Protein chains: 2
Amino acid sequence: MPVTDVAIDKIKDMIISGELAPGDRLPKEAELAQRLGLSRSSLREAVKALCLIRVLDVRQGDGTYVTSLEPNLLLDAMTFVVDFHRDDTVLDFLAVRRILEPAATAMAALHMSDEDIAELGAMLGELEDAPTVEALVANDLQFHRKIADGSGNPVLCSLLDSLSGPTTRARVWRGLTQEGAVAKTREQHTAIYEAIAAHEPELARSWATVHVAGVEQWLRNALGSADEDAPAAS
Amino acid sequence: MPVTDVAIDKIKDMIISGELAPGDRLPKEAELAQRLGLSRSSLREAVKALCLIRVLDVRQGDGTYVTSLEPNLLLDAMTFVVDFHRDDTVLDFLAVRRILEPAATAMAALHMSDEDIAELGAMLGELEDAPTVEALVANDLQFHRKIADGSGNPVLCSLLDSLSGPTTRARVWRGLTQEGAVAKTREQHTAIYEAIAAHEPELARSWATVHVAGVEQWLRNALGSADEDAPAAS
DNA sequence: CACACCGAAACATCCGAGGTCTTCTGCAGG
DNA sequence: CCTGCAGAAGACCTCGGATGTTTCGGTGTG
């Protein structure tokens, strides 16, 4: 096994064992390199890798620190991973979201504070009558994130956030806008909001199920017709 | 933004845009470095980072390749991330699993082939009467993975696999064995298997719900009593 | 007390030199 | 013609040092 991979494991162990706590600063490059028995170049590769998944945070001129290691931070890195998936796996991701979103919405109906519910309602009115695709995506993302956050489970929130990442969402919307489904989506968002505001978890769950299933159906149609347009492709 | 991060994005874009397809080989280090306008050292940091999340695969003496980019491979990297979480967030992860597992089990009851079901049944008898903790964990992991795989959704399967990673699972089992709940777990596994074999999705879903909820309850008690043992800690 | 300057500390980047591993090639033998 | 074994080439691995950039903290002045 390459020394760099060994270094990654060593640093990982140092964090898991508690030798390095969240927020702690690592020894300087030269020092840590000597301690782990490798060159600075190789150590830097290890640090960079751990940096990509948000475990470490390097600040030039200052030092290298362990991040807070909170679920939202670490799962954030999954967004990066999801970006790599092509259209043919989008439906699989959406299927998972179809499982999680209703559950999160039901939990939100039980746990969200009045203040958060008010903020959620405010989002409904923020869209213009003829919004751009970018505005639609941003509003949709914000709406569902607020609900996921309201579930009270940071892991669930981050996971949904990643699954519904910008890339996937943008593709979905591209399909939707072409069929004028904006109005129906807005109606469903309103229904979900009202169910949460009334603290009716089962109603909220049902509306969320309907909502995601609808998105899935539309996307399936969009991908199907795309296949018809270019059936021999790839 | 550091040149290394730019390089990561460049390579990412090359893959997403299709310039580099899964399985393709990257230009050699020196060549790619010149093309991206940086040194080999910095490029190696970028490659190493993308390697950690299983996007690239470097083979010494051969070259650097793009992986298959299949969901299971990319989500595999999440196991690495989950390893960093401490006990206080285990319940959040388990709550998500509580949502996904019943759904996956229900899907498995609909989709699993007779052959796969037979393999699943075989796992039930593989445990000895007084198994070691390691054997328990391995068998449990294998059983649930087989079901997740039977859902037919690779994303769902990989996600469950990561959430129920070795670390989390081991901790759970450590709590369970101390209270002699092995027999009950085995009964529930058998019930889940029989529901899947009978192709009864709702029954399978219910047993899975009961199973995970039971694990969650036991874990909650275990963590609770641990707190009582050392209430002032941290 | 507030602000600007300066130097130390730490990371960022680059370069070039060996080392090691894998693969392919060419040749001899069956 | 097929097989098997050096040998060479290609590509990544590791290292160490030199130089640039950024940040932090102390210092001195108004």
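DNA strand C is surrounded by 19 residues in this predicted model. The closest are A:Lys28, B:Pro2, B:Val3, B:Ser39 and B:Gly61. DNA strand D is surrounded by 20 residues. Chains A and B also touch each other, with 33 residues of chain B in contact with 33 residues of chain A. A rotation of 180° superposes chain B on chain A.

**The surfaces near the DNA**

- Near DNA strand C, α3 (40-52) and β2 (63-66) of chain A each supply at least two residues. So do α1 and α3 of chain B.
- The surface near DNA strand C divides into 4 nonpolar, 11 polar and 4 charged residues.
- Around DNA strand D, the closest residues are A:Pro2, A:Leu38, A:Ser39, A:Gly61 and B:Gly61.
- In chain A, α1 (3-16) and α3 each give two or more residues to the surface near DNA strand D.
- The surface near DNA strand D divides into 4 nonpolar, 11 polar and 5 charged residues.

**The hairpin of chain A**

- Strand β1 of chain A, residues 56-59, pairs with β2(A) in the antiparallel sense. The pairing runs over 4 bridges.
- One bridge links A:Val58 to its partner A:Thr64 in β2(A).
- The hairpin has 3 residues between the strands. In this hairpin, A:Gly61 takes a positive phi near 80°.
- A:Gly61 is also listed among the closest residues to DNA strand D.

**Where the chains meet**

- Five helices of chain B each supply at least two residues of the side that touches chain A: α1 (3-16), α3 (40-52), α4 (71-82), α5 (90-111) and α8 (154-163).
- The helix that gives the most to this side is α5(B), with 7 residues.
- By type, the side of chain B that touches chain A has 23 nonpolar, 5 polar and 5 charged residues.
- Of the interface residues of chain B, 100% are also interface residues in chain A, so the copies meet through the same surface.

**How the copies are related**

- The 180° rotation comes with 0.0 Å of shift along its axis. The RMSD of the superposition is 0.0 Å.
- The two copies are therefore related as by a two-fold rotation axis.
- In chain B, the C-alpha nearest the axis belongs to B:Ala49. That atom is 1.9 Å from the axis.

**Helix α3 of chain B**

- Helix α3(B) is mostly covered, with 11 of its 13 residues buried.
- The buried residues of α3(B) include B:Ser42, B:Leu43, B:Arg44 and B:Glu45. B:Ala49, the residue whose C-alpha is nearest the axis in chain B, is buried too.
- How far apart are the end C-alpha atoms of α3(B)? They are 18 Å apart. At 1.5 Å a residue, the 13 residues should span 18 Å, so the two values agree.
- Just after α3(B), B:Arg54 takes a positive phi of about 65°.

**A residue in helix α11 of chain A**

- A:Thr209 lies in helix α11 of chain A, which covers residues 201-229.
- Is A:Thr209 buried or partly exposed? It counts as partly exposed, because it has 17 C-beta neighbours inside 10 Å.
- A:Thr209 and A:Ile99 are 110 residues apart along the chain. Their C-alpha atoms are separated by 8.1 Å.

Key
Residues are numbered from 1 along each chain as its sequence is written. Chains are lettered from A and ligands numbered from 1 in the order in which they are written. This is a predicted model: local features need pLDDT of at least 70, side-chain atom pairs count only at pLDDT 80 or more; totals for chains, interfaces and linings use all residues. Two residues are in contact if their C-beta atoms, placed from the backbone, lie within 7 Å. Ala, Val, Leu, Ile, Met, Phe, Trp, Tyr, Cys and Pro count as nonpolar, Asp, Glu, Lys and Arg as charged, and the others, Gly among them, as polar. The expected span of a helix is 1.5 Å times one less than its number of residues. A residue is buried if 20 or more other C-beta atoms lie within 10 Å of its own, exposed if 12 or fewer, and partly exposed in between; C-beta atoms are placed from the backbone. Copies are superposed by least squares on the C-alpha atoms of residues with pLDDT of at least 70 in both. A residue is near a molecule or strand if its C-beta atom, placed from the backbone, lies within 6 Å of it. Two strands pair if DSSP finds at least two bridges between them.
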